[in-house]
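I opened the file and kept notes as I went. The entries below follow the order in which I looked things up.

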Amino acid sequence: MSIHAKLSPSSAHRWLECPGSVRLASEMEKAGVVEGGSVYADEGTMAHTLAEIQASHAFGLIDDTERVGRLRDWANTTPDEYHDEMHECAASYVALLQRLAAEFPHTQVMLEQKVDTGVTASWGTLDAAMVSATHLHIVDYKYGKGIPVDATENPQLMLYALGGL
């Protein structure tokens, strides 16, 4: 069982707008009511896995052998009808990260980083942080299905930026 932050960055939009949702979620958990996922969440997990594999390889964090093995595992657990689109989206994600990394000298690329946001009971795993002496870029990979997400003044990204700083 994974442990989630009481005030996770990914649910910040909810708990900032409705603080009572934190207590309700806690009471539901105590009562044994488990929040179910969705087909969108499942697709997002598959897409994130592929994007992380491809980005890790592109930035030299994993070698060819590990990439091939992880891609094989991903392909074996992901329905074939998702493969082409997810590969295309992952390639766009990697291209964006490469462009951001090239913008500033000596940029450090960090993928799948667990961060404490500086807000009590708020931590999470950010998808990518591009850190240079003068800039911090936080990139959260959104696969784009289900609920639309706006990057402008996005609470999740702002919390990850606090953690990145």
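**Entry 1: Glu52**

I started with Glu52, which I found in helix α3, residues 39–58. The model I am reading is a predicted one. Is Glu52 buried or exposed? Its relative accessibility is 18%, and the limit for buried is under 20%, so I noted Glu52 as buried.

Next I listed what Glu52 touches, leaving aside neighbours within four places in sequence. I wrote down Arg70 and Glu112.

**Entry 2: Arg70 and its partners**

I then checked the contact with Arg70 for a salt bridge. Arg70 does form one with Glu52, and the closest N and O atoms are 2.2 Å apart. This pair links distant parts of the chain, with Arg70 in helix α4 and Glu52 in helix α3, 18 residues apart. Arg70 has a relative accessibility of 24%, so I noted it as partly exposed.

Which residues are linked with Arg70 in a network of salt bridges? I found Glu52 and Glu66 there. In general, side chains of opposite charge can pair when their charged atoms come close.

**Entry 3: other salt bridges**

How many salt bridges does the model have by this rule? I noted a count of five.

One of them joins Glu27 to Lys30, with 3.8 Å between the closest N and O atoms. Glu27 and Lys30 are three residues apart in helix α2, so about one helical turn separates them. Glu27 is partly exposed, at a relative accessible area of 42%, while Lys30 is exposed, at 64%.

Another salt bridge is between the side chains of Arg99 and Glu103, at 3.6 Å from N to O. Here the two residues are four apart in helix α5, which means that about one helical turn lies between them. I noted Glu103 as partly exposed, because its relative accessible area is 39%.

**Entry 4: nonpolar cores**

The largest nonpolar core has 24 residues. Inside this core, Met86, Tyr93 and Leu97 have the most contacts. Five elements each supply at least two of the core's residues: α3, α4 (64–77), α5 (80–103), β1 (108–116) and β2 (123–131). Which element gives the most to this core? I found that α5 does, with eight residues.

Not counting residues up to four places away in sequence, Met86 touches Glu43, Met46, Ala47, Leu50, Trp74, Thr78, Tyr141 and Tyr143.

I also found a second, separate core of six residues. Among them are Val115, Ala129, Ile138 and Leu157.

**Entry 5: strands β2 and β3**

How is β2 joined to strand β3, residues 136–139? I noted four bridges between the two strands, which run antiparallel.

**Entry 6: confidence**

The mean pLDDT of the protein is 89, and 95% of its residues reach 70 or more. Where is confidence lowest, and where highest? I found the lowest in helix α2 (residues 20–30), at a mean of 82, and the highest in α4, at 98.

How values were computed:
Residues numbered from 1 in each chain as written. Predicted model: local features only at pLDDT ≥ 70, side-chain atom pairs only at ≥ 80, totals over all residues. Heavy atoms only, no water. Buried < 20%, exposed > 50% of the residue type's maximum accessible area, 1.4 Å probe, protein only. Contact = heavy atoms within 4.5 Å. Core = buried A, V, L, I, M, F, W, Y, C linked by side-chain atoms within 4.5 Å. pLDDT = per-residue confidence, 0-100. Pairing = 2+ DSSP bridges. Salt bridge = Lys/Arg side-chain N within 4 Å of Asp/Glu carboxyl O.
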